[in-house]
Amino acid sequence: MDIQTLTLTLGDSTHAGRTFDVMPIAGEEPVLQVTVSGAEETPVYVTVTDTQILCLAYLFEEQELLPQRVNELHDNMLRLSVPMPLSSLGKTGDHYVVYGALSPTSGAAEIMQELVTLAENAIDLLQTFEDYLA
Amino acid sequence: MRSVLNKILTAMRGSVNELGEAVVDSQGNRILEQELRDSEQELKQAKQELAALMAESASLARQIRSEQDSASKREQDARKAITAGQEELAREVAERIVGHERRGAELTQTREILQQRIDSIKERVQRAEKQLADYRRELQVVKTNERVLRTTAQIDTNINSQQSSLSTAKETLERIRERQAREEDRQTASTTLEKELTGADLDEKLKAAGIDGEQDAIDSVLARLKDKPAQ
């Protein structure tokens with residue numbers, strides 16, 4: 001599934017009662033910003049490479065956290081990362097992210113499932129970790 | 001693999017997030033790609049060599065079997081000659097048998113040496129395949145890492161150009177709460193509407209005022225029964 005096909009497919013699909021709003025992010029890399037209905041606050045960014053389809057949503061930045069509680073947060077993030085469906089927790093630059101990687105051969109249904117799950121998980125995680133914000 | 005992961009971590013800790021300051025330098029990437037190509041080439045050669053040697057070994061096996069077959073066939077001939085009292089003929093046949101057995105032994109020895117070479121090349125192929133898988137995995141990690149960095153940099157630049165800045169987690173949480181409250185309001189409104197439509201809300205009000213239609217009905221039946229007791 002390449003980025004163009006994905007854009008067209010998501011634009012007029014519904015999955016589990018959700019619709020998708022797709023916006024390409026300008027730049028050299030093919031990146032899509034996908035907004036899932038009912039979870040608009042946490043857009044999911046999608047990029048397709050030879051080896052995987054990477055979907056990620058931003059949680060918070062390092063400087064937004066209470067410094068004295070960062071270790072505890074990290075511990076909790078590692079623990080939650082295992083049982084969370086289709087999502088892992090990670091960090092890129094200063095951003096804490098929740099992400100999922102799919103095989104490039106995944107179909108539209110798998111990708112939509114991933115997008116819905118990620119957007120919802122991002123909201124749940126933000127609310128769960130609210131106490132760690134400065 | 002460990003060296004690649006360490007390089008990535010060291011670079012990350014050094015706060016190298018700027019675009020262009022690739023985490024593992026592109027020179028390192030090229031070296032890795034060259035190593036990958038070398039390994040692939042070596043593997044291809046080793047496999048070709050292996051195939052040729054295995055074909056040769058199979059051909060030798062056939063020749064050995066043929067010598068053995070000839071020897072045993074000649075043995076029968078020799079026995080018949082002896083039975084017929086043809087001592088001279090039997091001796092001649094025996095010479096042939098010796099020839100077959102000698103060639104068979106020589107071929108067997110050649111095949112054993114060949115077999116050792118096959119085993120050693122098989123080992124080489126396995127090593128090269130493992131090496132190749134390692135390189136591919138390393139390269140994938142390095143490339144994915146670079147891709148993620150470029151992608152997130154691109155997202156940040158884009159969002160920053162559209163809004164004053166990427167919204168903070170607190171702002172996002174505020175928006176989530178607002179939406180959740182709106183959804184809750186909608187839910188409450190639709191429940192209220194449903195009650196109004198079915199008259200359930202009126203029944204509730206009557207009950208609250210001590211007016212219970214169901215209870216009244218039971219009471220009146222009881223009163224009727226008491227009026228006309230069983231005879």
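User: What makes the nonpolar surface patch on chain B, and what is its area?

Analyst: In this predicted model, the patch is made by Ile218(B), Val221(B), Leu222(B) and Leu225(B). Its area is about 330 Å².

User: Why is Ile218(B) called partly exposed?

Analyst: The relative accessible area of Ile218(B) is 41%. Buried means under 20% and exposed means over 50%, with partly exposed in between.

User: Which helix holds Ile218(B)?

Analyst: Ile218(B) lies in helix H6 of chain B, which covers residues 213-227.

User: What makes up the secondary structure of chain B?

Analyst: Chain B has six helices and zero strands. Read from the N terminus, the order of elements is α-α-α-α-α-α.

User: How is chain B divided into domains, and how far apart are the domain centres?

Analyst: The domain assignment gives domain 1 as 2-166 and domain 2 as 171-227. Taken over C-alpha atoms, the centres of the two domains of chain B are separated by 77 Å.

User: How much of chain B counts as buried, and what share of its accessible surface belongs to carbon and sulfur atoms?

Analyst: Of the 231 residues of chain B, 25% count as buried, that is, they have under 20% relative accessible area. The accessible surface of chain B is about 16,800 Å², and 50% of that belongs to carbon and sulfur atoms.

Terms used: Residues are numbered from 1 along each chain as its sequence is written. Chains are lettered from A and ligands numbered from 1 in the order in which they are written. This is a predicted model: local features need pLDDT of at least 70, side-chain atom pairs count only at pLDDT 80 or more; totals for chains, interfaces and linings use all residues. Side-chain values use heavy atoms; hydrogens and water are left out. Patches are made of residues with over 30% relative accessible area and no salt bridge: like charges are joined within 9 Å, nonpolar side chains (Val, Leu, Ile, Met, Phe, Trp, Tyr) within 5 Å. Accessible areas come from the Shrake-Rupley method with a 1.4 Å probe; for residues, only the protein chains shown count as cover. A salt bridge is a side-chain nitrogen of Lys or Arg within 4 Å of a carboxyl oxygen of Asp or Glu. Helices (H or I, at least four residues) and strands (E, at least two) are DSSP runs, numbered from the N terminus. Buried means under 20% relative accessible area, exposed over 50%, partly exposed in between (1.4 Å probe, protein chains only). Domain bounds come from an automatic or database domain assignment.
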